[in-house]
Amino acid sequence: MAQQARSYHHGSLREELVREGRALLIEEGQQAVTVRELARRVGVSHGAPLRHFRDRDAVLAAIAADGFDELRRYLEAARQVGTLERRLTEYIRAHARFAQHNGPLMQLMFASTDDGTNAGREPEAQSSAERFFAVGAELLGESSPESMGPMPFLVAATTEGISALAATGRLPEDRVDEVVVAAVRALLPQIEQQLGTAAQGPVTAPDG
């Protein structure tokens, strides 16, 4: 196994550990993600992961950061699409689909500490989360996280609520688009008022 560990480049082993950790989290739950089990699955010595991660919490933080980075890419892609309504619809839809396939990862990403805050979140996950939320706030015309109005929180609550329902199966897969469109229809007038933009056509379900 030590020979196998030496075959990895410095960055590639870390990336492989995150990939395997994410897969293990989704397959078996957070309790299954341990440094020893990841080393076994990747085929390296038990101590090899600790050259890249301080401990198990750091591994989980890297997995959460990976999830936030993926969600941010969905959001950034949605920003390039047509009208505001279309951008918002595409993003919420992508968020819900992500949740359907990554329920345990979503729980890890958005988990709060016992006092109801994210103050205890590892720096890597916290930094990725802040970048993700900053892009979302910019989409809604908010430039400063310190002085955000209520709209980003309302959109986040709606998006995360739909995603949680989708992840647990309480929202059937074939009704996700219907609910997303209804949510955007309800939110859009308030968002447009905040942005000072005019409505641009009816909200329609995205293709595919």
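Trainee: In which helix is I63 found?

Mentor: I63 is found in helix α4; helices (H or I, at least four residues) and strands (E, at least two) are DSSP runs, numbered from the N terminus. This is a predicted model, in which local features need pLDDT of at least 70, side-chain atom pairs count only at pLDDT 80 or more, and totals for chains, interfaces and linings use all residues. Residues are numbered from 1 along each chain as its sequence is written, and side-chain values use heavy atoms, with hydrogens and water left out.

Trainee: Is I63 buried or exposed?

Mentor: Buried means under 20% relative accessible area, exposed over 50%, and partly exposed in between, with a 1.4 Å probe and protein chains only. I63 has 0% relative accessibility and therefore counts as buried. Across the protein, 44% of the 208 residues count as buried.

Trainee: Which residues does I63 touch, not counting those up to four places away in sequence?

Mentor: A contact needs heavy atoms within 4.5 Å. With residues up to four places away in sequence not counted, I63 touches V18, G21, R22, L25, V33, L105 and L108.

Trainee: What is the overall order of elements, from the N terminus on?

Mentor: The elements run α-α-α-α-α-α-α-α-α, which is nine helices and zero strands. Among contacts between residues at least 6 apart in sequence, 69% join residues at least 24 apart.

Trainee: At what angle do α4 and α6 pack?

Mentor: Axes are lines fitted to C-alpha atoms, for helices over the stretch in contact, and angles run from 0 to 180 degrees between N-to-C directions. Here α4 (residues 56-78) and α6 (residues 103-110) pack at about 105 degrees, and their axes are 9 Å apart. Angles under 35 degrees count as roughly parallel, over 145 as roughly antiparallel, 65 to 115 as roughly perpendicular and the rest as oblique. The pair α4 and α6 is therefore roughly perpendicular.

Trainee: Which residues of α4 and α6 meet?

Mentor: From α4 these are L60, I63, A64, G67, F68 and L71, and from α6 they are L105, M106, L108, M109 and F110. By class, this contact of α4 with α6 has ten nonpolar, one polar and no charged residues. In that count Ala, Val, Leu, Ile, Met, Phe, Trp, Tyr, Cys and Pro are nonpolar, Asp, Glu, Lys and Arg are charged, and the others, Gly among them, are polar.

Trainee: How many aromatic pairs does a search of the whole structure find?

Mentor: A pair of aromatic rings is described by the distance of the centres and the angle of the planes. Rings of Phe, Tyr and Trp (its six-membered ring) pair if their centres lie within 6.5 Å; planes under 30 degrees apart count as stacked, over 60 as edge-to-face and the rest as tilted. The search finds seven pairs. One of them is F68 with F110, edge-to-face at 5.3 Å centre to centre and 70 degrees between the planes. F68 lies in α4 and F110 in α6, so this pair ties together parts that are 42 residues apart in sequence.

Trainee: How do the accessibilities of F68 and F110 count?

Mentor: F110, at 23% relative accessibility, counts as partly exposed. F68, at 0%, counts as buried. The rings of F68 and F132 have centres 5.7 Å apart and planes at 40 degrees, so that pair is tilted. F132 lies in α7 (residues 123-139) and F68 in α4, so the tie spans 64 residues in sequence. F132 is buried, with a relative accessible area of 4%. Ring pairs link F68, Y91, F110, F132 and F133 into a cluster.

Trainee: Which members of the largest nonpolar core touch the most other members?

Mentor: A nonpolar core is a set of buried Ala, Val, Leu, Ile, Met, Phe, Trp, Tyr and Cys residues joined through side-chain atoms within 4.5 Å. The largest one has 54 residues, and V33, I63, M109 and I191 touch the most other members. Elements giving two or more residues to this core include α2 (10-28), α3 (35-42) and α5 (84-101). The most comes from α4, with eleven residues.

Trainee: How do the axes of α8 and α9 cross?

Mentor: They come within 11 Å and cross at roughly 180 degrees, which means that α8 is roughly antiparallel to α9. The contact is made by M151, L154, V155, T158, I162 and A166 of α8 with residues of α9 including A183 and I191. By class, the contact of α8 with α9 has eleven nonpolar, three polar and no charged residues.

Trainee: How far apart in space are T89 and A183?

Mentor: They are 8.6 Å apart, C-alpha to C-alpha, and 94 residues apart in sequence. T89 lies in helix α5 and, at 1% relative accessibility, counts as buried.
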